[in-house]
Amino acid sequence: MSNDDASDLGVALPAAAAALSAEERAGLVNELKNKLQNLAGQHADVLETLAPNVRKRVEVLREIQSEHDELEKKFFEERAALEAKYQKLYEPLYTKRYEIVNGIVKVEGETNEAVMDEQGDKCVEEKGVPDFWQTAMKMNEILAEEISERDEGALKYLKDIKWSRNDDPKGFKLEFFFDSNPYFKNTVLTKTYHMVDDENEPILEKAIGTKIEWYPGKCLTQKVLKKKPKKGSKNAKPIIKTENCESFFNFFNPPQIPEDDDIDDELAEELQDRMEHDYNIGSAIRDKLIPHAVSWFTGEAVQGNEYDGLESDYDSDDQDGDEDEDGDEEDEREERKGKKKMQSASANAGLNQHGERPPECKQQ
C-alpha cells in the first residue's frame with residue numbers, strides 16, 4: 001500500500017466527517033480501510049505483471065520513497081517548532097505596531113496636529129493611523145473582493161488582527177479586535193480552522209466563526225427589501241423581507257457540511273468551492289496581511305505582487321516585434337490579469353507555506 005493511495009482516500013474523510021456522529025465516523029473509517037486494502041491488492045497485482053528485474057528496481061524505489069517520507073515527517077515537525085519560535089519573536093513587534101496604529105504611543109518627531117472632526121464642528125487631535133486595517137485589507141486582492149461599500153463603516157473600528165496556532169484540535173485561530181461601534185456588540189470576532197493530519201499533511205476539517213450580535217437595523221450581511229402592495233390590495237402596508245447580501249462579515253459564518261451525507265455531485269462541488277474560498281481568505285489574512293500589514297497599507301506589497309511573473313511577459317513582447325502596439329494594449333492587460341489568476345490558482349492547488357492542503361469535499 002503506497003502513501004499516495006492513503007492520502008487520496010484520506011482527503012474525503014475530514015470534510016464530510018464534521019457532520020457525522022462517532023458511530024458514523026467509525027463506519028466511514030472502516031469503509032475507507034476496506035478500500036485501501038482493495039487498492040493495495042490491485043497494486044500487488046500490478047507489481048506481479050512487471051518483469052522480475054523491473055519489479056526489483058521498483059521495490060528499491062519504494063524503499064527510497066519511504067526514506068523520503070520519513071524525512072518529510074521530520075521536516076514538518078521541525079518547521080512547526082521553528083514557526084512557533086519565530087511567532088514569539090514577532091509578538092513584541094506586533095505590539096509596537098498596535099500601539100502606534102491606535103495612538104497609544106507617539107513616535108519621535110511627531111507634533112500635535114489637529115484636524116476637523118467628522119461633523120466638521122471642531123478641531124481634534126488625530127491619533128494613530130486612521131483606517132489602517134481597512135486600507136491594508138482593501139489593498140489585498142483576495143480580501144478586497146470580500147469588502148462591500150457598506151462594510152467600510154464597520155471596518156473603521158477594527159483595531160488589530162492576530163492569529164495563533166491551536167494544538168488540540170490542530171489548526172489556527174484568527175482574532176479581530178474592534179472598538180465599540182454602532183454596528184455590533186462584539187469587541188472580538190474570531191474564526192477558527194480545525195485541521196486533521198493526513199500522511200503528515202494538515203487538511204481542513206471545518207471552520208467555526210463568531211456569531212455577530214448586530215444592533216437593530218445594522219446587520220451588514222442582510223438587506224431589507226420593501227415592496228409596495230399591488231393596487232387594490234386590502235393590505236396597504238408595504239411587504240418587507242430580508243435578503244442575504246455580500247459582505248466581508250459573512251466570513252464569520254463559514255460554509256458547513258450538511259447533516260445529510262447523501263450529497264449530489266453538483267452540491268458537493270459547490271460546497272467544496274465555497275470551503276476552499278473561505279480557507280483561502282483565512283490563509284491570506286494569516287500568511288500575508290498580518291505579517292506584512294504595513295506594506296499592504298502603503299501599497300508596497302501590491303507593487304511587489306504586480307511585478308511577480310511579468311518579466312517573461314515583457315521578454316516575449318520584445319520577441320514578437322512592434323506590430324499592433326497601439327491596438328493590443330488592452331488585450332495584453334487582460335492576458336496578464338488571467339496569468340496572475342492562474343498563478344494564484346496554481347499556488348493554492350498544493351500545500352501552502354504551513355504545509356496545509358486546501359479542503360476537499362467529496363460525495364460519500
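Which residues is Ala284 in contact with, leaving aside its neighbours within four places in sequence? They are Ile142 and Leu289. The model is predicted. The protein contains twelve helices and eight strands, and buried residues account for 31% of its 364 residues.

**Whole protein**

- The accessible surface of the protein is about 23900 Å², and carbon and sulfur atoms hold 49% of that surface.
- When contacts between residues at least 6 apart in sequence are taken, 61% of them join residues at least 24 apart.

- Ala284 sits in helix H8, which covers residues 265–289.
- Ala284 has a relative accessible area of 4%, and it counts as buried because that value is under 20%.
- Asn140 lies 144 residues from Ala284 in sequence, yet the two C-alpha atoms are 8.6 Å apart in space.

**The largest nonpolar core**

- The largest nonpolar core is made of 42 residues.
- H8 gives the most to this core, with six residues.
- Phe176, Phe249 and Ile285 have the most contacts inside the core.
- Not counting residues up to four places away in sequence, Ile285 touches Leu143, Ile161, Leu174, Phe176, Phe251, Ile290 and Pro291.

**Helix H4**

- Helix H4 runs through residues 52–101, a total of 50 residues.
- At 1.5 Å a residue, H4 should span 74 Å; the C-alpha atoms at its ends are 69 Å apart, which agrees.
- H4 bends by about 30° at Tyr90, and the proline Pro92 follows within four residues.
- The buried residues of H4 are Asp69, Phe76, Arg79, Glu83, Gln87, Tyr94, Arg97 and Val101.
- An α-helix has 3.6 residues a turn, so residues three or four places apart point the same way.
- After H4 comes Gly103, which has a positive phi near 70°.

**Helix H5**

- Helix H5 covers residues 132–139, and its buried residues are Phe132, Trp133, Gln134, Ala136 and Met137.
- These buried residues pack against several helices, namely H4, H6 (141–144), H7 (152–155), H8 and H9 (293–298).
- The buried residues of H5 also pack against strand S3 (158–167).

**Aromatic residues**

- The protein has 21 aromatic pairs.
- Phe132 and Trp133 form one of these pairs, with 5.3 Å from centre to centre; the planes are 90° apart, and the pair is edge-to-face.
- Phe172 and Tyr193 form a stacked pair, at 4.8 Å centre to centre and with 25° between the planes.
- One aromatic cluster is formed by Phe176, Phe178, Phe184, Trp214, Phe248, Phe249, Phe251 and Phe252.
- Phe176 and Phe249, members of that cluster, are also among the residues with the most contacts inside the largest nonpolar core.
- Phe251, another member of the cluster, is one of the residues that Ile285 touches.

Notes:
Residues numbered from 1 in each chain as written. Predicted model: local features only at pLDDT ≥ 70, side-chain atom pairs only at ≥ 80, totals over all residues. Heavy atoms only, no water. Helix = DSSP H or I, 4+ residues; strand = E, 2+ residues; numbered from the N terminus. Buried < 20%, exposed > 50% of the residue type's maximum accessible area, 1.4 Å probe, protein only. Contact = heavy atoms within 4.5 Å. Expected span 1.5 Å × (residues − 1). Bend = angle between axes of the 7 residues up to and from the residue. Core = buried A, V, L, I, M, F, W, Y, C linked by side-chain atoms within 4.5 Å. Areas by Shrake-Rupley, 256 points an atom, 1.4 Å probe, with all protein chains shown as cover. Phe/Tyr/Trp six-rings, centres within 6.5 Å; stacked < 30°, edge-to-face > 60°.
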